[in-house]
Amino acid sequence: MNDYTYITLREKRQLKDPAAEWFHSKWEFHRKLILNVWMPILIMKPSMDGIFA
């Protein structure tokens with residue numbers, strides 16, 4: 001079985017553009033829409049309520 005390492009976009013913010021492109025290619029979400037949703041999440045501090053980004 002493969003071992004995977006899970007990371008968040010908060011840990012590797014430089015991956016936000018390639019990740020947005022991947023979402024766009026898989027599900028045809030507009031790249032700008034994805035980034036507009038992600039950016040506030042990426043800049044806020046992690047909370048204790050289980051929201052992950």
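Author: Helices (H or I, at least four residues) and strands (E, at least two) are DSSP runs, numbered from the N terminus. The model is predicted, so local features need pLDDT of at least 70 and side-chain atom pairs pLDDT 80 or more, while totals for chains, interfaces and linings use all residues. Residues are numbered from 1 along each chain as its sequence is written, and side-chain values use heavy atoms, with hydrogens and water left out.

Reader: How many helices and how many strands does the protein have?
Author: Residues 16-27 make up helix α1, and residues 31-43 make up helix α2. For the protein, the count is two helices and zero strands.

Reader: What distance separates the end C-alpha atoms of α1?
Author: The expected span of a helix is 1.5 Å times one less than its number of residues. Helix α1 has 12 residues, so it should span 16 Å. The model agrees, with the end C-alpha atoms of α1 separated by 16 Å.

Reader: What is the reach of α2 from its first C-alpha to its last?
Author: Helix α2 has 13 residues, and 18 Å is expected at 1.5 Å a residue. The reach in the model is close to that, at 18 Å.

Reader: Which residue takes a positive phi just after α1?
Author: Helix α1 covers residues 16-27, and Trp-27 is found in it. Just after α1, a positive phi of about 60° is taken by Glu-28.

Reader: Which residues of α2 are buried, and what do they pack against?
Author: Buried means under 20% relative accessible area, exposed over 50%, and partly exposed in between (1.4 Å probe, protein chains only). In α2 the buried residues are Ile-34, Leu-35, Trp-38 and Leu-42. These residues pack against α1.

Reader: What share of the contacts with a separation of 6 or more joins residues 24 or more positions apart?
Author: A contact has heavy atoms within 4.5 Å. Among contacts with a separation of 6 or more, residues 24 or more positions apart account for 39%.

Reader: How far apart are the C-alpha atoms of Thr-8 and Leu-42?
Author: Thr-8 is found in the segment before α1 and is partly exposed, with a relative accessible area of 27%. Leu-42 is one of the buried residues of α2. Thr-8 and Leu-42 are 34 residues apart along the chain, and their C-alpha atoms are separated by 9.3 Å.

Reader: Which residues are linked in a network of salt bridges?
Author: A salt bridge is a side-chain nitrogen of Lys or Arg within 4 Å of a carboxyl oxygen of Asp or Glu. Lys-16 meets Asp-17 at 3.6 Å, N to O, and Arg-31 comes to 2.9 Å from Asp-17 between the closest N and O atoms. Arg-31 lies in helix α2 and Asp-17 in helix α1, so this pair ties together parts that are 14 residues apart in sequence. The network consists of Lys-16, Asp-17 and Arg-31.

Reader: Why is the pair of Phe-23 and Trp-38 classed as it is?
Author: Rings of Phe, Tyr and Trp (its six-membered ring) pair if their centres lie within 6.5 Å; planes under 30 degrees apart count as stacked, over 60 as edge-to-face and the rest as tilted. Phe-23 is partly exposed at 28% relative accessibility, whereas Trp-38 is buried at 16%. Their ring centres are 5.5 Å apart and their planes lie at 80°, so the pair is edge-to-face.

Reader: Which residues form the aromatic cluster?
Author: The structure holds four aromatic pairs. One of them joins Trp-22 and Phe-23 edge-to-face, at 5.2 Å centre to centre and 90° between the planes. The cluster is made of Trp-22, Phe-23, Trp-27 and Trp-38.
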